[in-house]
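Colleague: I have a few questions about how the terms are used here. Can we go through them with the model on screen?

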Amino acid sequence: EGFNAHWYLAPQNVARATQRVRDELIKAEPSARETFRTNATQYLNEIDAVDKKLIACANDVPEDDRNVMAGHNDFAYLAEAFGFVVAAQISGSGESEPSASELQDAVDKARDADVRALIASAGEVSRLDEQVASKLDVPLLQLYADNLTTGDDASTLLDAIAYDVDRI
């Protein structure tokens with residue numbers, strides 16, 4: 001359903017990107033092959049450990065409680081990677097606001113799916129997100145999609161993914 005640049009919120013996608021970067025670096029600088037392999041292996045092991053931990057965490061959530069609504073399409077890859085379902089979206093992208101009928105359709109879909117939360121990008125939460133969460137009587141979770149922090153929550157990509165899954 002169109003381009004979604006948030007592929008990096010799924011650890012297995014990050015692992016594939018790591019392998020690709022490793023291979024391209026080796027082509028560009030063959031003399032540093034072992035360093036690139038060692039560093040990539042270390043990061044791939046870290047990705048795998050985080051992924052397994054988060055899958056176990058997500059599996060603790062009953063299937064009936066896995067439906068969420070999203071502000072827009074930031075979290076499709078994250079949701080799919082951990083077995084959550086984005087049952088409705090307020091808008092198709094962060095670039096536009098929905099029409100009144102589109103918004104009502106999204107709220108109806110969210111109600112029908114019995115969503116448990118509305119998820120939105122930290123720093124991009126709108127008044128509309130707050131109103132919809134209130135109308136549905138669900139928490140509004142601010143997750144990391146496009147930014148990291150300098151604190152403990154999300155100073156690396158893997159920390160951000162872990163934070164997001166933990167919040168959901």
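Colleague: Which residues of helix α6 (residues 157-167) are called buried?

Modeller: This is a predicted model. In helix α6, the buried residues are Leu158, Ala160, Ile161, Asp164 and Val165. Buried means under 20% relative accessible area, so each of these five falls below that cut-off.

Colleague: How do you know that the buried residues of α6 line one face of the helix?

Modeller: Look down the axis of α6. The buried residues fall within an arc of 160°, so they line one face.

Colleague: What makes up the chain, and in which pattern?

Modeller: There are six helices and four strands. Along the sequence they run α-α-β-α-β-α-β-α-β-α.

Colleague: How much of the chain counts as buried?

Modeller: Of the 168 residues, 40% do. The accessible surface comes to about 9,600 Å². Carbon and sulfur atoms account for 47% of that surface.

Colleague: What share of the contacts joins residues at least 24 apart?

Modeller: Take the contacts between residues at least 6 apart in sequence. Of these, 54% join residues at least 24 apart. A contact needs heavy atoms within 4.5 Å, so the share counts pairs that meet that cut-off.

Colleague: And how many positive and negative side chains are there?

Modeller: The chain has 15 positive and 31 negative ones. The centres of the two sets lie 6 Å apart. The C-alpha trace spans about 60 × 35 × 30 Å along its principal axes.

Key: Residues numbered from 1 in each chain as written. Predicted model: local features only at pLDDT ≥ 70, side-chain atom pairs only at ≥ 80, totals over all residues. Heavy atoms only, no water. Helix = DSSP H or I, 4+ residues; strand = E, 2+ residues; numbered from the N terminus. Buried < 20%, exposed > 50% of the residue type's maximum accessible area, 1.4 Å probe, protein only. Areas by Shrake-Rupley, 256 points an atom, 1.4 Å probe, with all protein chains shown as cover. Lys, Arg positive; Asp, Glu negative; His and termini not counted. Charge placed at Lys NZ, Arg CZ, Asp CG, Glu CD. Arc of directions from axis to C-beta.
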